[in-house]
Amino acid sequence: MGLTRRQFLTLTGGSASAAVLFAACGVPEDELLVESPLRMPEDLVSGRDNWYATLCGECGVVVRVMEGRAKKIEGNVDYPVNAGKHSARCEASLQALYNPDRIAGPLVRAGERGTAQFEEISWTDAIGRLTFQLQNLQSSRRQQGMVLATGLGGGHAGLVGRRFAEKFGGKYAPYETLESTNLKMAVSVVFGQERIPDFDIENSNFILSFGADFLNTWGSPVRYSRGYGNFRQGDRERGTHYHVDSRFSMTAANADKWVPVMPGMEGLLALSIAYVIVEDGLGDANAVEALTGEDPEALAAFAPDIVAVRVGVSAEKIHDIAHEFAEHGPSIAIGGGSAGAHTNGLSNMIAIYSLNHLVGSVGQPGGMIFNPAPPLDEMSDSSVATLANWQETVADMRAGRVNALLVRGADPFYGLPASLDIRGASYDVPFICSFTDMMDDTTAMSDLVLPQHSPLEDWGTDAPMFGPGYEVVGFQQPVVRPFFENRGSELGTRGFADVLLAVAQGLNLDLELGGGTLKEVLQSEARKLYDMNRGSVRANDFGSFWNGTLQRGGWWDTGARSRDSVSPPPELPEFEEPQFDGDGRFEYYLTPFSQVGIGAGEAAHLPWMQATPDPITTATWRTWIEINSRLAEELDIREGDVIKVTSPRGSIEALAYPHPGVPPYTVSIPFGQGHTDMGRYAKDRGANVFSILAPLTDSQSGAFAWAATKVNIEKTDEWIRVPKFENTVPETPRDEHHHIIEITSEDS
């Protein structure tokens with residue numbers, strides 16, 4: 001009996017063996033690319049699925065793949081950071097893979113800069129153009145005029161970018177929308193550590209958090225939420241949690257007590273808590289001596305009776321918090337978010353984290369467990385270009401000192417304060433190249449666009465910033481073939497690192513990474529792990545080790561913990577008064593916040609994330625402003641009223657959402673909306689809060705003080721229903737290329 005077409009395709013499945021079989025039959029190999037993945041014939045479907053381990057940010061995930069299509073994402077139970085849990089953002093990476101607005105091939109600008117008019121070109125042409133521009137800088141000895149801005153992290157892909165900038169002689173500028181600069185610097189100052197510690201939440205008895213919305217968007221919320229579940233209802237006595245914040249966040253809602261505080265005064269409250277602990281003899285004696293400089297009166301200025309009014313917390317409550325924190329150990333103090341986003345943010349964070357020394361929770365279970373350096377030294381760099389650094393870069397752009405700006409995995413044209421006017425400065429930059437998969441605000445101003453693979457199509461690694469307390473290297477592998485592969489090798493998408501490695505060859509740069517492609521680089525680095533002969537994956541030969549590492553989603557060693565000595569506690573800092581743009585002329589403190597769905601705007605192109613409700617208001621799809629209920633009554637503001645929000649830097653409009661959990665002296669607006677581009681689900685939707693923020697920086701670190709702006713609010717005559725989880729949602733843009741197929745009786 002002959003082989004049927006159904007049987008033949010089932011056996012081959014579009015795999016490499018199929019290519020060999022086709023060649024043997026005299027059928028061109030290109031025949032395999034005739035059928036688009038979205039138009040796969042019914043008789044190819046076998047009904048079998050495969051699960052592949054890979055990465056989603058800092059989480060390890062497994063992806064269900066059927067007939068070459070990624071169908072579902074779940075947490076990898078084996079991966080130490082998230083232990084089987086995962087976030088909604090990871091689920092939505094499927095929509096990033098299949099997004100109808102993904103860029104499907106290299107583009108070159110065809111009109112005036114900023115008009116977003118592009119023409120498609122081949123990859124050979126695109127790489128040639130980029131190489132030519134950089135060769136011109138080499139020949140004129142202006143290599144320092146190249147700036148490479150990338151998103152944070154990136155493992156070995158980020159290493160390729162950093163090494164490329166160094167070898168070329170340009171400037172490397174890692175970009176983080178909401179900086180963690182003050183957190184990292186505070187950990188360095190207070191503990192002498194260069195890596196953010198693991199907060200051992202699940203074994204703690206008392207958590208005192210300041211500003212860090214760690215159950216929602218801050219740090220590693222998947223990991224922290226899992227630990228918090230054990231903290232609350234594990235096989236142990238229920239832990240207690242107090243949260244200090246100027247906004248009623250998801251973390252505040254879950255705490256036993258929410259302590260509203262005047263913005264920028266979080267550090268002053270921490271110093272007052274320290275005063276009570278020292279004064280009442282509740283602290284570790286050695287830590288007390290070090291923190292006070294052996295001066296019993298060092299903290300006298302922070303007595304609760306003295307600072308209560310400035311902090312906005314009663315003296316009695318400060319005293320109670322201090323005793324609860326010190327007497328119910330093991331306890332832990334965590335600071336971040338808005339607490340570190342003021343002009344005194346670093347000072348605040350140093351005061352907050354110093355509390356851990358006082359209660360003896362440093363390096364102890366239930367306290368702070370320090371993370372070791374990654375086993376692969378090249379992955380250890382987690383530097384960030386601060387807002388102060390970006391102010392210098394923008395000044396260089398205006399002065400003509402930036403000749404080529406390369407951007408990958410970042411959108412500074414959206415996330416930098418509008419008053420910095422990086423968009424205007426970009427007209428003085430001769431050449432801008434964007435490595436991306438979406439036409440975001442930065443890409444729309446570019447001259448050359450090189451579309452990236454989705455993380456589900458590409459190789460990569462990660463050494464998690466918020467690690468579990470021991471060595472971890474996550475491995476990302478392609479779980480599907482590139483979505484645009486059917487367009488041929490000269491179109492479609494490519495990996496950022498592979499493109500840079502190819503350009504480096506054209507420029508005669510030796511990046512010294514042990515490979516000409518990212519996969520080869522990763523295999524070279526994985527061999528170092530293999531040679532260690534320890535950890536979660538061991539094998540008799542490297543091939544088996546490599547396969548085992550990919551199957552598990554990475555490599556880790558639970559016995560490889562930090563052996564770095566913790567520095568003695570530094571003297572507690574003098575409190576530095578926060579500065580606010582608009583103070584005296586504007587009435588309300590603006591406390592912006594990151595959304596659980598679209599974050600600070602990086603996931604605004606994903607409709608699942610746009611539709612993910614805020615856990616406090618359940619609002620979706622739009623920009624809203626949270627106002628104190630009584631204040632709203634006084635101003636005759638009702639839910640859905642369009643409110644004009646004005647700062648010294650400009651104005652935006654947002655939909656009013658009154659509720660009693662908002663302090664009367666603050667208003668809160670989510671980041672993430674207001675893109676001028678970014679695809680149909682994000683473009684011209686809501687308002688960009690960054691556009692009205694002052695470009696203020698921390699006085700010591702230069703970090704972006706994004707919570708240091710004051711505003712006035714004004715009701716307009718317009719009303720729009722707030723789209724929420726329990727009522728209407730705005731109509732999403734339709735795909736004009738979508739066709740409805742009628743099924744007639746003859747077809748069925």
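User: What does it take for a charge to sit over a ring?

Analyst: A charge sits over a ring if NZ of Lys or CZ of Arg is within 6 Å of the ring centre and within 35 degrees of the ring normal. This is a predicted model. In it, Arg247 lies over the face of Phe593, 3.4 Å from the ring centre. Arg527 is placed over the face of Phe542, with 4.1 Å to the ring centre.

User: How many aromatic pairs are there, and which geometry does the pair of Tyr79 and Trp556 have?

Analyst: Planes over 60 degrees apart count as edge-to-face. The count comes to 32 aromatic pairs. Tyr79 and Trp556 form an edge-to-face pair, at 5.7 Å centre to centre and 90° between the planes. The pair links distant parts of the chain, 477 residues apart: Tyr79 is in the loop between strand S3 and helix H3, and Trp556 is in strand S19. Tyr79 counts as buried because its relative accessibility is 0%. Trp556 is buried too, with a relative accessible area of 6%.

User: Where do Phe206 and Tyr242 lie?

Analyst: First the geometry: the ring centres of Phe206 and Tyr242 are 5.0 Å apart and the planes are at 70°, so this pair is edge-to-face. Phe206 lies in strand S9 and Tyr242 in strand S10, so the pair ties together parts 36 residues apart in sequence. Phe206 and Tyr242 are both buried.

User: How should I read strand S12, and which way do its residues point?

Analyst: In a regular strand the side chains alternate between the two faces of the sheet. In S12, Ser331, Ala333 and Gly335 point one way, while Ile332 and Ile334 point the other way. Of the 5 residues of S12, 5 are buried, so the strand is largely enclosed by the rest of the structure.

User: Which strand does S12 join, and in which sense do they run, parallel or antiparallel?

Analyst: Strands of a sheet pair through backbone hydrogen bonds, either parallel or antiparallel. Strands S9 and S12 run parallel and are joined by 5 bridges. Ser209 has Ile334 in S12 as its bridge partner.

User: What is the strand order in the open sheet of 7 strands?

Analyst: The order is S5-S4-S16-S15-S14-S6-S7, with mixed pairing. S5 and S7 stand at the edges with a single partner strand each, so one side of each has no neighbour in the sheet. Neighbouring strands are turned by 20° against each other on average, direction ignored. Within this sheet, S4 and S16 pair in the antiparallel sense over 2 bridges, and Val108 stands opposite Leu448 in S16.

User: Which strands does helix H18 lie across?

Analyst: Helix H18 lies across S6, S14, S15 and S16, and runs at about 140° to S15.

How values were computed:
Residues are numbered from 1 along each chain as its sequence is written. This is a predicted model: local features need pLDDT of at least 70, side-chain atom pairs count only at pLDDT 80 or more; totals for chains, interfaces and linings use all residues. Side-chain values use heavy atoms; hydrogens and water are left out. Buried means under 20% relative accessible area, exposed over 50%, partly exposed in between (1.4 Å probe, protein chains only). Helices (H or I, at least four residues) and strands (E, at least two) are DSSP runs, numbered from the N terminus. Two strands pair if DSSP finds at least two bridges between them. Rings of Phe, Tyr and Trp (its six-membered ring) pair if their centres lie within 6.5 Å; planes under 30 degrees apart count as stacked, over 60 as edge-to-face and the rest as tilted. Axes are lines fitted to C-alpha atoms, for helices over the stretch in contact, and angles run from 0 to 180 degrees between N-to-C directions. Contact means heavy atoms within 4.5 Å.
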